Structures are given as C-alpha cells and as structure tokens.
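The sequence and the structure come first.

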Amino acid sequence: MSAPLVVPLPGLRLVSEANAHEHWRVRSKRAKHQRAVCAAAIGAAIRAGKWTLPLRVTIVRIAPRALDSDNAVGSAKHARDGIADALAAIGLRDDRDARVTWHVEQERGAPKTYGVRITLESVSE
C-alpha cells in the first residue's frame with residue numbers, strides 16, 4: 001500500500017509514566033485503556049487494507065506541553081503495545097520485531113486538548 005494510513009485518536013492522553021506518581025490501579029486502568037483503544041483503531045484499518053511488513057509506525061502525542069524525549073517514548077509504551085497487538089494479524093511477533101520501525105513525536109495542542117495520531121507507512125525492502 002503506497003498511501004500512509006493516518007489514524008487520529010482525539011482525547012487519548014499519553015502521560016509520562018516515569019513521572020506519574022499514582023496508585024497502581026489507576027496506572028493499570030490507563031494502560032489497559034490506551035492499549036485497547038490503539039489496538040481497536042489500528043485493527044480495523046489493518047483488516048480493511050492490504051498491509052504487509054515491513055512498516056514504519058509513527059505515534060504522535062498531542063498535548064499542550066511537551067515531554068522530554070525519553071518521557072515521550074515512555075508515554076507511548078501502551079499505545080505501541082496495542083498497535084503491535086493489532087499488527088499480529090499480518091505476522092508481527094511482538095513490538096521488538098525488526099520489520100517495524102517505531103517513532104514517537106510530539107505536537108503542541110491547544111490548552112486542555114489531548115490526542116494521539118498514529119501513522120502507518122509501508123517501507124520497501
């Protein structure tokens with residue numbers, strides 16, 4: 001597939017997991033939610049298209065304030081796991097599979113506006 005697939009997820013809030021000092025149950029609930037939302041969104045698109053590995057996956061965190069680079073990557077962990085779950089339908093073993101390159105970026109959003117944008121692009125070997 002030549003055209004990239006762009007999946008916006010408005011309202012999904014990625015937070016710095018390293019700096020979130022909260023009860024384990026709150027953290028666990030957020031992780032399950034992020035993973036499920038991303039898996040469902042990408043899974044529907046994967047089933048509709050003719051995607052094959054290798055792929056480039058870009059996760060864009062949209063928030064009023066940026067995180068530093070290592071916290072940005074950490075904030076996208078559960079989203080990445082959900083995307084990897086969905087990509088299992090086309091043969092991805094797990095998110096360590098070298099056939100997928102992962103990138104995390106950030107964009108500044110309006111005050112109190114959060115979201116995520118996932119982009120899948122085919123990569124020629």
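Among the elements of the protein, which has the lowest mean pLDDT and which the highest? The lowest mean, 92, belongs to α1, and the highest, 97, to β2, where pLDDT is the predictor's confidence in each residue, from 0 to 100. Over the protein the mean pLDDT is 92, and 98% of the residues reach 70 or more. The model is predicted, so local features need pLDDT of at least 70 and side-chain atom pairs count only at pLDDT 80 or more, while totals for chains, interfaces and linings use all residues. Residues are numbered from 1 along each chain as its sequence is written, and side-chain values use heavy atoms, with hydrogens and water left out. Helices (H or I, at least four residues) and strands (E, at least two) are DSSP runs, numbered from the N terminus.

**Packing of α1 and α3**

Helix α1 (residues 24-48) packs against helix α3 (residues 77-87) at an angle of about 35 degrees, with the axes 7 Å apart; axes are lines fitted to C-alpha atoms, for helices over the stretch in contact, and angles run from 0 to 180 degrees between N-to-C directions. The crossing of α1 and α3 is right-handed, that is, the near helix is turned clockwise from the far one by less than a right angle. On the α1 side the contact (heavy atoms within 4.5 Å) includes Ala31, Cys38, Ile42 and Ile46, and on the α3 side it includes His78, Ile83, Ala86 and Leu87.

Helix α3 is mostly covered, as 8 of its 11 residues are buried, which for a residue means under 20% relative accessible area, with exposed over 50% and partly exposed in between (1.4 Å probe, protein chains only). Among these buried residues are Asp81, Gly82 and Ala84, and the cover over the buried residues of α3 includes α1, β2, β3 and β4.

**The nonpolar core**

The largest nonpolar core has 26 residues, and those with the most contacts inside it are Ile42, Val57, Ile59, Ile83, Leu87, Val100 and Ile118. Such a core is a set of buried Ala, Val, Leu, Ile, Met, Phe, Trp, Tyr and Cys residues joined through side-chain atoms within 4.5 Å. At least two residues of this core come from each of β1 (5-10), α1, β2, α3, β3 (100-108) and β4 (115-122), and α3 gives the largest share, 5 residues. Not counting residues up to four places away in sequence, Leu87 touches Ile42, Ile46, Leu55, Val57, Leu92 and Val100.

**Individual residues**

| Residue | Relative accessible area | Class |
|---|---|---|
| Thr58 | 6% | buried |
| Asn71 | 14% | buried |
| Lys112 | 79% | exposed |

Thr58 lies in strand β2 (residues 55-63) and, with residues up to four places away in sequence not counted, touches His103, Glu105, Arg117, Ile118, Thr119 and Glu121. Asn71 has its place in helix α2 (residues 69-75), and, leaving aside neighbours within four places in sequence, Asn71 is in contact with Ser16, Ala18 and Asn19.

Two loops hold backbone features to check. Most residues other than glycine have a negative phi, and most peptide bonds are trans. Lys112, in the loop between β3 and β4, has a positive phi near 60 degrees. Pro54 is found in the loop between α1 and β2, and the peptide bond from Leu53 to Pro54 is cis, with omega near 5 degrees.
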